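User: Could you take a close look at one part of this model for me? I would like a connected account of a single loop residue and the sheet and helices around that region.

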Amino acid sequence: FYGAHTGRWSGGDSMNFQNLMRGGTLRASLLAPPGKMLVVADSAQIEPRVTAWLSGHMDLMETFRRNDASGEDFYSDAGSAYFGRKLSKKETPVERQVAKSMLIGLGYGLGWAKFSQVLLAGALGGDPVQFRTKDAEQYGVNVDAFESNSKFAQRVEEMPSRLSLEDRMVHCAVTRFFVNKYRNTNAPIVELWAGMERVLGAMEEGAQAAFGPGECLRTVRHGIVMPNGLLLRYPGLRREDSGYTYMGGPRGKMVTKTYGGAMTENIVQALARTVVAEQMLRIRAAGYHIVTMSHDEVVFLADESDAENALQLALTAMKTAPDWCRDLPLNAAGDVGKSYGDAK
């Protein structure tokens, strides 16, 4: 029920059903009983949506609403501004995947050095992406100027990678270009990171201060109270020369660093968890038995004759924001199947 630091669900008995890979054998092995179907509904792009809402990024929230009304792909639409041309899943899959990675990961303050590694490893389950000289030329990135910065050059040299130093320089220079473009385009989110530094200060001092849209969040000593009353805990929080630390890790015995971007990620994930939990209660109240879930995805049983109606009820529930965040734009997608793998 509260297995992760951010309040998200976890697993027991050395199993975690949050981590069943899409397209994997384990999902395909979970079958509905005779006469039943599995209904799967997923809260679409919930973390970027909550990030936009928490930061008061009106333009980004309007983009979500426009895409929801038209059925257009959000990551293609929003990502077009970064690449200077229209993106689509079919015509520009690599650029669209990079845009998706930007809109999810960069909202938490990820820097160019880390993001360059994420892209090379294959972000969000996608194929690895390496920016090359042709990309630098296309986007007007001055690789020589990047390399002449001794701090940048040193970070690139220290990166573990099978790429040559020259290829790494090009890749990192272009990555930094896109990170800066994201930050220049999303000023309210950048400002949110600074606001989270002030939240850390209030938590360290033990001040009870309300913050967030509609003051739905509240600081207490070494913690943040969520809209549903659950507590996001930072035991032993204190400010040091290098920033804030608290006692985290699996057993709460590991000194863990935190900062504005990391706090943004924690709160966004905790709020997303709270939203989905309230939506699950609506589905359960309609008489459906929830059998498992995966972060922002809900799985429940319905009679074969009722499966499509159940899916529509679930999608409606997951497009409905709780009272404490009524202006949060939400969307959902889903399907039905005899196995979990068939439905999602």
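Analyst: Happy to. S339 sits in the loop that links β11 to α14 (340–343). This is a predicted model, and the picture below should be read that way. The relative accessibility of S339 is 4%, so this serine counts as buried, the cut-off being under 20%. Its side chain comes to 3.0 Å from the backbone nitrogen of D342. Beyond its neighbours within four places in sequence, S339 is in contact with R27, A28, L30, L31 and L38.

The strands β1 and β10 pair in the antiparallel sense, over seven bridges. They belong to an open sheet of four strands with antiparallel pairing, in the order β9-β10-β1-β11. At the edges stand β9 (289–294) and β11 (332–337); each has a single partner strand, so one side of each is left without a neighbour in the sheet. On average, and with direction ignored, neighbouring strands here are turned by 25° against each other.

On the other flank of β10 (residues 297–303), the pairing with β9 is antiparallel too and runs over five bridges. M293 stands opposite V298 of β10, and S294 has E297 as its bridge partner in that strand. Two residues lie between the strands of this hairpin, and H295 takes a positive phi near 60° there. As for burial, β10 is mostly covered, with six of its seven residues buried.

Now for the helices. Helix α12 lies across β1 (36–43), β9 and β10, and it runs at about 5° to β10. Helix α13 also packs on the sheet, where it touches β1, β10 and β11; its direction makes about 20° with that of β1.

The two helices meet each other as well. Helix α12 (residues 260–285) and helix α13 (residues 307–318) pack at an angle of about 145°, and their axes are 9 Å apart. The crossing of α12 past α13 is right-handed. On the α12 side the contact is made by Q279, R282 and I283, and on the α13 side by L313, A314, A317 and M318. Sorted by class, this contact of α12 with α13 has five nonpolar residues, one polar and one charged.

Key. Residues are numbered from 1 along each chain as its sequence is written. This is a predicted model: local features need pLDDT of at least 70, side-chain atom pairs count only at pLDDT 80 or more; totals for chains, interfaces and linings use all residues. Side-chain values use heavy atoms; hydrogens and water are left out. Axes are lines fitted to C-alpha atoms, for helices over the stretch in contact, and angles run from 0 to 180 degrees between N-to-C directions. A crossing is left-handed if the near helix is turned anticlockwise from the far one by less than a right angle, and right-handed if clockwise. Contact means heavy atoms within 4.5 Å. Ala, Val, Leu, Ile, Met, Phe, Trp, Tyr, Cys and Pro count as nonpolar, Asp, Glu, Lys and Arg as charged, and the others, Gly among them, as polar. Two strands pair if DSSP finds at least two bridges between them. Buried means under 20% relative accessible area, exposed over 50%, partly exposed in between (1.4 Å probe, protein chains only). A polar contact is a pair of N or O atoms within 3.5 Å; within protein, one must be able to donate a hydrogen and the other to accept it, and residues adjacent in sequence count only if both atoms are side-chain atoms.
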